[in-house]
Amino acid sequence: MEYFDFIQLIAKILFVVAVCLSVVPVMVWFERRGSAWMQGRVGPNRVGPFGLLQPLADVFKFFCKEDFTPGNANKFYYYLAPMVALIAPLCALAVIPFGSKAIIMGQEVNLQIGNFDSGVIFILAFAGLEVYPLILAGWASKNKYSVLGALRGSSQIVSYEIAMGLALLSMMVVYGSFNPHDMVSWQQKHYWGALINPIGALVFWISIFAETNRLPFDLPEGESEIVAGYHLEYGAMKFALFFMAEYVAMIMASALIATLFFGGYGILPGMSFAINMIVEQFGFGEVGLQNTTAVFEFLSFFLKVAVFMFIFVWVRWTLPRFRFDQLMDLGWKILFPLSLINLVAVTLGVYFLNQ
C-alpha cells in the first residue's frame with residue numbers, strides 16, 4: 001500500500017511537471033503567432049511548418065549562448081533567483097486538482113499531488129514567493145536598472161496581493177473551505193463562483209495579471225524605461241529559467257482562476273452525454289465509468305486553463321503598459337476599496353442566507 005502511494009505520488013508529480021514544461025514552448029509559439037495575427041504580421045514561419053520548431057531553435061540558442069556572470073554580482077543570490085522563480089509556481093500547482101479521482105489497480109488515486117484542507121493557503125504561500133526572485137535578481141546583479149525593476153516589481157506585487165487576497169477571502173466565505181476539492185464540489189452542486197461573486201472574480205483576475213508581471217502590468221521589465229529590468233544581467237539558460245517561470249506562473253494563475261471561479265475540473269456542458277456514449281459503446285463497468293469521467297474532467301480543466309492562457313496573450317497584445325502612478329492608483333484607490341466592499345457585501349449576504 002505504501003509502495004503504491006509512493007509510486008502514484010511520483011507519477012502525479014512527473015505528470016504535472018511534464019505538462020507544464022510541454023505547454024511552455026507551445027505558448028511561446030502561440031504568443032508569437034497570435035501577436036502577429038492580431039497585428040497583421042506574419043510571425044515565425046521559417047523553422048518548421050508554421051514556425052512550430054521555432055521554440056526548439058530558441059532552446060538550442062539558449063544552450064549555446066555565453067553564460068556570463070557580472071563581476072560584482074552576489075553570486076549565490078544571483079544564481080538562486082531564477083531557480084526560485086521557476087520552482088515557486090510549480091510548487092503552487094501541487095494542490096490544484098485536475099480531476100476528482102481515478103481507479104488504478106483497484107486503488108483510488110486522487111488527481112491532485114497534495115490534498116490539503118488548507119490548500120489555498122499553500123497556493124498563496126508559494127505564489128507570494130514570486131516577489132523574492134525579482135528582488136534577489138535585481139539586488140544581486142548590482143545594476144541600477146535591475147534594482148529599479150526589482151523595486152517596481154516588489155511594490156507592484158505587494159500592492160495587488162492585498163486586493164487579490166480580499167477577493168479570494170470573499171470566495172472562502174461562500175465555499176466555507178480552504179480545500180480546492182471542496183470548492184469544485186460546491187460549484188458542481190450550485191453555480192460557478194464567477195456567477196455568485198462576479199466582482200470578486202474580476203478583482204482577482206486583474207490582480208493575477210499584476211502578480212504574473214504580464215502586460216499591462218510588466219513594469220518590472222519595462223524595456224523602454226529600464227532596459228530589461230530585474231533580469232537585465234541574465235543570459236543563456238539563467239534567462240531561460242526566468243522566461244519559463246513567467247509561463248509556468250501563467251499556467252498556475254489560470255488553473256487557480258478556473259478552480260476558484262469556473263468550476264475547476266467540473267465537466268463542461270455536453271460532456272456527460274459523451275461519457276455515457278463511450279461507456280455504453282465499450283461496455284465499461286463502474287471502474288471504467290469513473291476513469292472515463294476522470295479523463296473528461298482533466299480535458300474540461302485543460303480547456304478552461306487554455307482559455308485563460310489565451311486571454312493572457314490577448315490582453316498583452318491589446319493594452320499598452322500602465323504608468324507607475326496609474327498602476328498604484330488602480331491597485332490602492334480602485335481594486336482595494338472595491339474588494340473590501342465586496343467582501344463585506346458577500347459576508348452579509350451569506351450570513352442572511354444561512355439564517
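In this predicted model, C91 counts as partly exposed, with a relative accessibility of 26%. That label follows because partly exposed covers the range between the buried limit of under 20% and the exposed limit of over 50%. C64, in turn, has a relative accessible area of 52% and is therefore exposed, since the value is over 50%. For C91, the nearest cysteine sulfur belongs to C20 and is 11 Å away, so C91 is in no disulfide, as the pair would have to lie within 2.5 Å. As a reminder, a disulfide is a covalent bond that joins the sulfur atoms of two cysteines.The proline P55 is found in helix α2. With a relative accessibility of 8%, P55 is buried, because that value is under 20%. Apart from its neighbours within four places in sequence, P55 is in contact with P25 and W29. F324 lies 269 residues from P55 in sequence, and the two C-alpha atoms are 32 Å apart in space.

A pair of strands comes next. Strand β1, residues 101-104, runs antiparallel to strand β2, residues 107-110, and four bridges pair them. Within this pairing, K101 of the chain stands opposite N110 in β2. The two strands form a hairpin with two residues between them, and M105 in the turn has a positive phi of about 55°.

Attention now turns to the spaces in the model. The largest pocket holds about 600 Å³ of space. It is lined by 33 residues, and those closest to the centre of this pocket are E221, F243, E246, Y247 and R316. Helices α1 (2-38), α2 (54-64), α5 (131-140) and α11 each supply at least two lining residues, and the largest share, seven residues, comes from α11. By class, the lining of the largest pocket has 16 nonpolar, four polar and 13 charged residues.

The second largest pocket contains about 390 Å³ of space. Of the 21 residues in its lining, V19, V23, I251, F302 and V305 are the closest to the centre. Two or more residues each come from α1, α11 and α13 (286-316), with α1 giving the largest share, nine residues. The lining of the second largest pocket divides into 20 nonpolar residues, one polar residue and no charged ones.

What does a search of the whole structure find among cavities of 30 Å³ or more? The search finds one such cavity, and the largest cavity has a volume of about 90 Å³. The residues that line the largest cavity are A127, E130, M164, I208, E211, T212, A249, M252 and A253. Helices α9 (198-211) and α11 (236-261) are the elements that give two or more residues to this lining, and α11 gives the most, with three residues. Sorted by class, the lining of the largest cavity comprises six nonpolar, one polar and two charged residues.

How values were computed: Residues are numbered from 1 along each chain as its sequence is written. This is a predicted model: local features need pLDDT of at least 70, side-chain atom pairs count only at pLDDT 80 or more; totals for chains, interfaces and linings use all residues. Side-chain values use heavy atoms; hydrogens and water are left out. Two strands pair if DSSP finds at least two bridges between them. On a 1 Å grid over the protein atoms alone, a cavity is a set of points where a 1.4 Å probe fits but cannot get out, and a pocket is an open set with protein on both sides within 12 Å along at least five of seven lines; lining residues have an atom within 4 Å of a point. Grid points are joined across faces, edges and corners, and a volume is the space filled by probe spheres set on the points. Ala, Val, Leu, Ile, Met, Phe, Trp, Tyr, Cys and Pro count as nonpolar, Asp, Glu, Lys and Arg as charged, and the others, Gly among them, as polar. Buried means under 20% relative accessible area, exposed over 50%, partly exposed in between (1.4 Å probe, protein chains only). Contact means heavy atoms within 4.5 Å.
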